[in-house]
Amino acid sequence: MTEAVVPLAPRARAARRLRPVLMEIGYEFLRLARTRAYSLSVIGFPLMFYLLFGTGHRHGPIAQYLIASYSCLALGSACLFGVGLSISFERAQGWLELKWASPMPRLAYLLAKMLSSAAFALIVMAVLIWLGITVGGVTVSLDQAARLAVIMLLGSIPFTALGLLIGLLVPANAGAGLINLIYLPLSFASGFFIPLRMLPHWVQRVAPALPTYHLAQLALAVFGFAPRSGALLHWLVLAGFSLLMFGAAWITFARREA
Amino acid sequence: MSVTPPADVLTVAPEEPVAALQEVSKRLGKTAALTRFSLQLRGGEVTALLGPNGAGKTTAVRLLIGLLAPDQGRVEVLGRDPRNSTARMAIGAMLQVARAPDMLTVREHIELFRSYYPRPLETTAILDRTGLLPIMHRRFGTLSGGQKQRLLFALAICGDPRLVCLDEPTVGLDIQARRQVWAHIRALAAAGKAVLLTTHYLEEADALAHRIALIERGRLVRLGTPTEIKRAVAARRIRCRTQVSDAVLRGLPTVTSLERHGEDAVIFAHDPQAVLRQLLPLDAALSDLEVGAASLEDAFLTLIHAD
């Protein structure tokens, strides 16, 4: 028995290649949105903090500062939990293996987790800006909002890379605890909660070694809380960090598979 | 204008095997999971890979679906390395998955897996065939064990693949659910698919398979039809305390193997009556006599000793 074969036009073939990628992204977002432990904490914590600390300083620089820094806070936790914890669970349950045996486009798996996590960070950012304008009494221009959004999108890459490595290395039942253990000090030491210059000297000295610091500096520069001149260096550090994490994840994965 | 078939469509002549493991060896850590293992899978046939836990069944499946690379030998699906993404489009797999993401519904899981394949079955046809239609809007987390297994089975067949690998598809199912899965597996073979089934239930292999491959410690012990295999393994186990020597016991009619711990003897034989007729007169003090069906584990031992 031979099957009748109709060769696909290049365009149709491209559409067919893209379809599983888009579906993977859509369903991953849906899955995370329905996972309340995830969506409530990723969205809820930064907004709650903003209502507590941001709106107490109406019209002041703090209300603006915290829009940038809490957006970064949301991005990191969205990616570390959305990529890292998800992968560690799916790996432990054998689901990752079934996906890997399927003809799923390999990159779609990680891309879906990254973009879904970034989408959550963008939602948080948008609500923070809205809260800032309505409750915090600050102005945010369209240009500033757009620049912050781009930083969120690109910034999801290094945290996806770190999440991937955590997901491959850490057992599922230890994942959440470990991510908090890593991420809370990183957020604190990078000025997400309190501006860096108010933190102890040694913290200020350590901060430039942290990826979260460079993300925060980029986001804060949008509102003039950090010099714009350092942007290139911050992007380079984040790119280098991403490569390092992806490389380590690749080695881990390849050793597992052999 | 020359028309070349697109790379994502593979056809194979009917007499060619759909998939093959050729002299495959694979080490996992320090253990030899498979040693010079060969097996061919043909369209329209269910092949059961039967063996005790840790025999290498899952390793064989993982090689076939491209999750592992062989250390030696060749693995081919439709003439290609199954780690190649085009070859994977011809493969459907049901693995031992603890759980799928809880928050997606039955229908969503199936839609997503369908999108990976070039010519999937219709969603409603899949739901209908696997009996999932009434629960298609339920989330995975709310399904019973049997329903979960049926969904995993649906994911294996939704792309209409030429090769379907089922790793212990009925483990943890009750008898009724198991019979349903059996009916689905028969339907797959009837539709011309090559089906590989791993199981440690002799009964399951017997009920479904056209051919059974017995595997033990990574080696192919025997390959044959269920009737051939059953004849080889349908041994009975005779347990007793006796002073008769090993050599004499082994010499009794139809005895295939013997285990001895002091005076305790465990004798495997095809015809226990014939053994006892001769054994009882030899030892008036024989005691604690027990005759029973050999377990599959025992059956393997008899086969391995026989070889």
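Predicted model: local features only at pLDDT ≥ 70, side-chain atom pairs only at ≥ 80, totals over all residues.
1. **Extent of the contact.** Chain A puts 32 residues into the contact, and chain B puts in 36 residues. The area buried between the two chains is about 3,300 Å². Carbon and sulfur atoms give 62% of that area. On the side of chain A, Arg34(A), Trp95(A) and Pro103(A) lose the most area to chain B. Together these three account for 21% of what that side buries.

2. Two salt bridges run between chain A and chain B. Arg34(A) and Glu108(B) form a salt bridge through their side chains, at 2.8 Å from N to O.

3. **Make-up of the chain A side.** Which elements give two or more residues to the side of chain A that touches chain B? They are helix H1 (10-34) and helix H4 (95-101) of chain A. H1(A) supplies the largest share, 10 residues. By type, the residues on this side are 16 nonpolar, four polar and 12 charged.

4. **Arg31(A).** This arginine lies in helix H1 of chain A. Is Arg31(A) buried or exposed? Its relative accessible area is 11%, under the 20% cut-off, so Arg31(A) counts as buried. The side chain of Arg31(A) makes a polar contact with that of Ser86(A), at 2.9 Å. Beyond its neighbours within four places in sequence, Arg31(A) is in contact with residues of both chains. In chain A these are Ser86(A), Glu90(A) and Lys113(A). In chain B they are Pro101(B), Met103(B) and Leu104(B).

5. **Cysteines.** How many disulfides does the structure hold over all chains? The count is zero. For Cys79(A), the nearest cysteine sulfur is that of Cys72(A), 11 Å away. A disulfide needs the two sulfur atoms within 2.5 Å, so Cys79(A) is in none. Cys79(A) is buried, at 0% relative accessible area. Cys158(B) is also in no disulfide. Its nearest cysteine sulfur belongs to Cys165(B), 15 Å away. Cys158(B) counts as buried, with a relative accessibility of 0%.

Methods
Residues numbered from 1 in each chain as written. Chains lettered and ligands numbered in written order. Heavy atoms only, no water. Contact = heavy atoms within 4.5 Å. Buried area = accessible area lost by both parts, 1.4 Å probe. Salt bridge = Lys/Arg side-chain N within 4 Å of Asp/Glu carboxyl O. Helix = DSSP H or I, 4+ residues; strand = E, 2+ residues; numbered from the N terminus. Nonpolar A, V, L, I, M, F, W, Y, C, P; charged D, E, K, R; others polar. Buried < 20%, exposed > 50% of the residue type's maximum accessible area, 1.4 Å probe, protein only. Polar contact = N/O pair within 3.5 Å; in protein donor to acceptor, adjacent residues only side chain to side chain.
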